[in-house]
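Let's take a walk through this protein and stop at a few spots worth a look. Keep the structure open as you read.

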Amino acid sequence: MRKFYLIIACINMFGLLAWGQRSELNFDRDWRFARFGLQADGSRVEEPDSLQSYSYNDWDWRRLDVPHDWGIEGPFRIDLDGYTGKLPWQGIGWYRKYFEVSSKDKKKRFYLDFDGAMANAEVWLNGNKVGEWAFGYSSFRVDLTPYLLYDKKNVVAVRLNTEKFGSRWYPGAGIYRHVRLVKTNPVHVGQWGVFVTTPEITDEQANALVRVEIQNNLSEAVDGQYMVDIYELDKDDVPGAKVAVGLKKQLLLKPNQLTGDTVSLLVNSPKRWSLENTNRYLARVSVYNKNKLVDVYDAPFGFRTIQFTHDNGFLLNGKRVQINGTCNHHDLGALGAAVNKVAMERQLRILKSFGCNAIRTSHNPPAPELLELADKMGFLVMDELFDSWTIGKKEYDYSSLYEKWHEKDIEMLICRDRNHPSVILWSTGNELPEQYNPELGIVRHLTEVVHRFDTTRPATFGASYPSKSAVNGTELQVDVHGMNYAAGVYGGPDFYGEFLNKKGHEHLSGYSSESSSTMSSRGEYFPRQLHVSSYDLTQPGWGGLPDWEFAALDKYPAICGEFVWTGFDYLGEPTPFNSDASVLLNHSAAMTEEELAKQREELNKIERNRPTSRSSYFGIVDLAGFPKDRYYLYKARWMPDTPMVHILPHWNFPDRVGKVTPVFVYSSGDEVELFLNGKSLGKKQKQPYEYRFRWDSVVYQSGELKAVAYKQHKKWAEARVQTTGDPVRLKAVPDKTLIKADGEDLVFVKVSLVDKDGYDVPTAENRIFCSLEGDGEIVATDNGDPTCLITFSEPSRPAFNGLFLAIVKAKRDGNKPLRLTIEADGLEKATVDIEIDHE
């Protein structure tokens, strides 16, 4: 069915679709776009009147498909703020699209569903306003039916304004998520109108409680019926065996109203959803009007139980699961905020590869695709809403929307996402000043709003300075308490014990909603200007080191786990080279007035110098998707049964001969022996609350480092690092060699520079040039350097510490295979051949 949708998506005559019930048309293609207000170069273009009108002449507007992020197109500008990525995302964008509807569909209902539009969206059809939604991360629907024209041209116009949208990171700009045109009969299941809960699950039988909400848009009451069947659902979303058959139920549907009802179905021998076995099911709701089938609505779900306990952490299906999570912002690196499911899946594969099993959607509602992938790939999700409530951190941030919109946005998120088995927590926010005043009751209010729409998952939020906010009564206004940096200055090595043992907390469960915030630049050990050492020992004063959190969790295993800040580097917030004053607002409670004054002066100094840094240093993985050294520290921690050993730094330091050059080893073993040029530098055993093996007094000499790890006195793993020669050729490794010609599939090509012996040269930074033959295009390039201001769409940039990334896609309906050529002056070039998948 999905492939069929793709085929018909290019047809603008929506009436040609022959289904008698519900249908959805991909509405991403063939939009027209123009930008007004602030421009990419800093100038302004006046916004004309009547851009929404039916007759406006948009012939010279740019043609494009969505998802589209106008900010990522650049250019980077040194005068722009680092905290939002030095990109020109602020402006006013207009989109217009033409389509036709057959007169045969005059009795149908038509809706436009936006997965997200950044920001302050207003939507018109044929000059008539049909809806608006302010929060750029929210999904929303507008009803087109009243103003449709039949058998003639219709025009949808969308206005977005990011000039009045405040953010502490790069938010993107534009219709940056998918859009669908939905056609239904007047009697149909409402938007997100099926909610499946699984109150009872045993090995023998499970109960699926299905809540159905049916919309009747007719002017008279209808004696309707509905029935629910349950199917197994495979990894490709294809229904399999029918495992439960419902009876047709009568339901009186009042005119122009939404009517709800619930049915219970039993499934024998249910297959539970877990991180290892992501079994899913499908609840199919069939709606009838006078015994005529008028709608079919599918809702995927999973059977699983969750429990947050006070003394045994988090339980999934009754078994303890340690939350090994990461916080992640929504951008896709060089692709910006524009949603691409292939790029998302790549990010999740990388997270999975070092043992990550959970994601916090920091600090906003995610794209629906993220949750679909989490369900299929086996991740737990903390689904988050806001970065501010009534007190703002930036001008025009969510505090300016809170009063009017917060209940609508909460309803949106929960009703959209509550069937996903991966979602285990609803988070109402992050580091809010209101947390210090529990008497305000805002936290309790938000928890109650969450419970209106789902009582099967706990409400929570990420609280800063937990030694105050986790013991002042605020923590009792949520179901489970999240604590940011509790193992560091905001709590201490034994704070979790204080939290667990506090009177009144006997039934309260806790977890680290944000941990570490260690900073590093990949491959930098004695760092150049505006870089941070990858020895993984640098943290902001309000953060901590991974080791601190590991030790605290080992001391207090009743804590459910952690969400590390962050899995990936992200656009914006380039701490410690970030002059964003909102850092003070987030963490000022931990500082004295003297410390605050000193911090303000440091921020002012950074602002005066205007560093080029445009992306963060916090990631375990860099912006291009290349692992930093910390990747291996977390892999050793989170995948203890996987043999691995990793040595840092690299061993190319011609200027350090005879100088002390510390060597660290990360390993899942319990003992490591280090050798330099065949000579043992001694064995070290992992001691309690120690998580790295350190040789701090190694004197550098070129050659080879070798580390041999042991576990329980048996050889476990081995790794080597060599001093390399100069680069002589390029090596290119694609993540696949077959690409779909759908205009969305991507190939990520990792490029390294190797010496005559085939070793990657970790310090090489030659300028690399890419070109492509065939029916495709180079979408973006990157290198993981947070200071590089070359626009991502450029096909050329220097390697950064030995690595370079090219991202390629095929043209829609392309036929000619692709050949990517990668070149650098004086080096042997590399080529990558990519075949077109026509299936």
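## Aromatic rings

There are 41 aromatic pairs in this structure, which is a predicted model. Take tyrosine 465 and tyrosine 490: their rings make a tilted pair, 5.2 Å from centre to centre with 40° between the planes. Tyrosine 465 sits in the loop between strand E27 (459–463) and helix H6 (466–469), while tyrosine 490 sits in the loop between strand E28 (480–484) and helix H7 (495–501), so the pair ties together parts that are 25 residues apart in sequence. Both tyrosine 465 and tyrosine 490 are buried.

Rings can also gather in a group. One aromatic cluster is made up of Phe354, Phe550, Tyr631, Tyr632, Tyr634, Trp638 and Tyr691.

## Charges over rings

Now look for lysines paired up with rings. Lysine 408 has its charged end over the ring of tryptophan 405, 4.7 Å from the ring's centre. Lysine 683 has its charged end over the ring of tyrosine 710, and there the distance to the centre is 4.4 Å.

## Two helices side by side

How do helices H8 and H11 pack? Helix H8 (residues 546–555) meets helix H11 (residues 629–638) at an angle of about 10°, and their axes are 11 Å apart. H8 and H11 are therefore roughly parallel to each other.

On the H8 side, the contact is made by Pro546, Asp547, Phe550, Leu553 and Asp554; H11 brings in Arg630, Leu633, Tyr634 and Arg637. Sorted by class, that contact has 5 nonpolar and 4 charged residues, with no polar ones.

One joins methionine 118 and alanine 119, with omega at about 0°, and alanine 119 is in the loop between strand E6 (109–114) and strand E7 (121–125). Another runs from threonine 575 to proline 576, with omega near 15°; proline 576 is in the loop between strand E30 (561–565) and helix H9 (582–587).

Then check phi. Aspartate 30 isn't a glycine, yet its phi is positive, about 65°. This aspartate 30 lies in the loop between strand E1 (23–26) and strand E2 (31–38), and it is partly exposed at 48% relative accessibility. Glutamine 712 has a positive phi too, near 50°. You'll find glutamine 712 in the loop between strand E36 (704–711) and strand E37 (714–722), where it is exposed, with a relative accessible area of 64%.

Note on methods: Residues numbered from 1 in each chain as written. Predicted model: local features only at pLDDT ≥ 70, side-chain atom pairs only at ≥ 80, totals over all residues. Heavy atoms only, no water. Phe/Tyr/Trp six-rings, centres within 6.5 Å; stacked < 30°, edge-to-face > 60°. Helix = DSSP H or I, 4+ residues; strand = E, 2+ residues; numbered from the N terminus. Buried < 20%, exposed > 50% of the residue type's maximum accessible area, 1.4 Å probe, protein only. Lys NZ or Arg CZ within 6 Å of the ring centre and 35° of its normal. Axes fitted to C-alpha atoms, helices over the stretch in contact; angles between N-to-C directions. Parallel < 35°, antiparallel > 145°, perpendicular 65-115°, else oblique. Contact = heavy atoms within 4.5 Å. Nonpolar A, V, L, I, M, F, W, Y, C, P; charged D, E, K, R; others polar.
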